[in-house]
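Subject: Structure handover

Hi,

Here's the structure I said I'd pass on.

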Amino acid sequence: MLVGVAALLAGCGGSARRGQPSPPPRLPRALAQTWSREANAIAGALAVNDGCAAEQRAGQLRTEVIAAINAGRVARPLLEPLTSAVNALPARITCTPPAPPPKPEKPPKHGHGHGHDKGDNQGGGDG
């Protein structure tokens, strides 16, 4: 899936020439480059088994793609494949947070220091 997003983004960006058949729809070069870098960062996080970072980056990428679509920066023929890819990506990533460190054991209570005198004032005072 990530490879598909990267491939879609890598082929985007460029300009049309007059007098030739219409080229396939393209994303603005800046968007394609930014999203391609982000897809590579997601792949890098997955490569080092950091699913939580990859999942977070995938969510950010999805947010950016949706914002670009809403702003009319994505060609209509690219809408479905791009949104399908970025919407499916976070669900394909597993975030397994590290286990919390074990809680330190509390030292046993010995009963000292609670205001009770042991043995000092015991006994009858004859003398």
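Some housekeeping before that. This is a predicted model, so keep in mind that local features need pLDDT of at least 70 and side-chain atom pairs count only at pLDDT 80 or more, while totals for chains, interfaces and linings use all residues. Residues are numbered from 1 along each chain as its sequence is written, and side-chain values use heavy atoms, with hydrogens and water left out.

**Overall**

The protein chain has four helices and zero strands, giving the pattern α-α-α-α along the sequence. Helices (H or I, at least four residues) and strands (E, at least two) are DSSP runs, numbered from the N terminus. The chain has 127 residues, of which 24% count as buried. Buried means under 20% relative accessible area, exposed means over 50%, and partly exposed is in between, with a 1.4 Å probe and protein chains only. As for contacts (heavy atoms within 4.5 Å), take those in the chain between residues at least 6 apart in sequence: 66% of them join residues at least 24 apart.

**Helix 2 against helix 3**

The axes of helix 2 (residues 29-47) and helix 3 come within 8 Å, crossing at roughly 165°. That makes the two helices roughly antiparallel. Axes here are lines fitted to C-alpha atoms, for helices over the stretch in contact, and angles run from 0 to 180 degrees between N-to-C directions. Angles under 35 degrees count as roughly parallel, over 145 as roughly antiparallel, 65 to 115 as roughly perpendicular, and the rest as oblique.

The crossing of helix 2 and helix 3 is left-handed, meaning that the near helix is turned anticlockwise from the far one by less than a right angle (clockwise would be right-handed). On the helix 2 side, the residues in contact include Leu31, Trp35 and Ile42; among those they meet in helix 3 are Arg57, Leu61 and Val65. By class, the residues of this contact divide into 12 nonpolar, two polar and three charged.

**Helix 3 against helix 4**

Helix 3 and helix 4 have axes that come within 9 Å and cross at roughly 155°, so this pair is roughly antiparallel too. Their crossing is left-handed. Leu61, Arg62, Val65, Ile66 and Ile69 in helix 3 meet Leu79, Leu82, Thr83, Val86 and Asn87 in helix 4. The contact has seven nonpolar, two polar and one charged residues.

**The disulfide**

There is one disulfide in the structure, counted as a pair of cysteine sulfur atoms within 2.5 Å. It joins cysteine 52 to cysteine 95, with S to S at 1.9 Å. Cysteine 52 lies in helix 3 (residues 51-70) and cysteine 95 in the segment after helix 4 (76-88), so the bond ties together parts that are 43 residues apart in sequence. The C-alpha atoms of the two cysteines are separated by 4.3 Å. The link is right-handed, with 85° about the S-S bond.

Both ends are partly exposed: cysteine 52 has a relative accessible area of 25%, and cysteine 95 has 28%. Setting aside neighbours within four places in sequence, cysteine 52 is in contact with Cys95, Thr96 and Pro97.

Asparagine 49 is in the loop between helix 2 and helix 3. Its phi is near 60°, a positive value in a residue other than glycine. Asparagine 49 is exposed, at 72% relative accessible area.

Cheers

Key:
Ala, Val, Leu, Ile, Met, Phe, Trp, Tyr, Cys and Pro count as nonpolar, Asp, Glu, Lys and Arg as charged, and the others, Gly among them, as polar.
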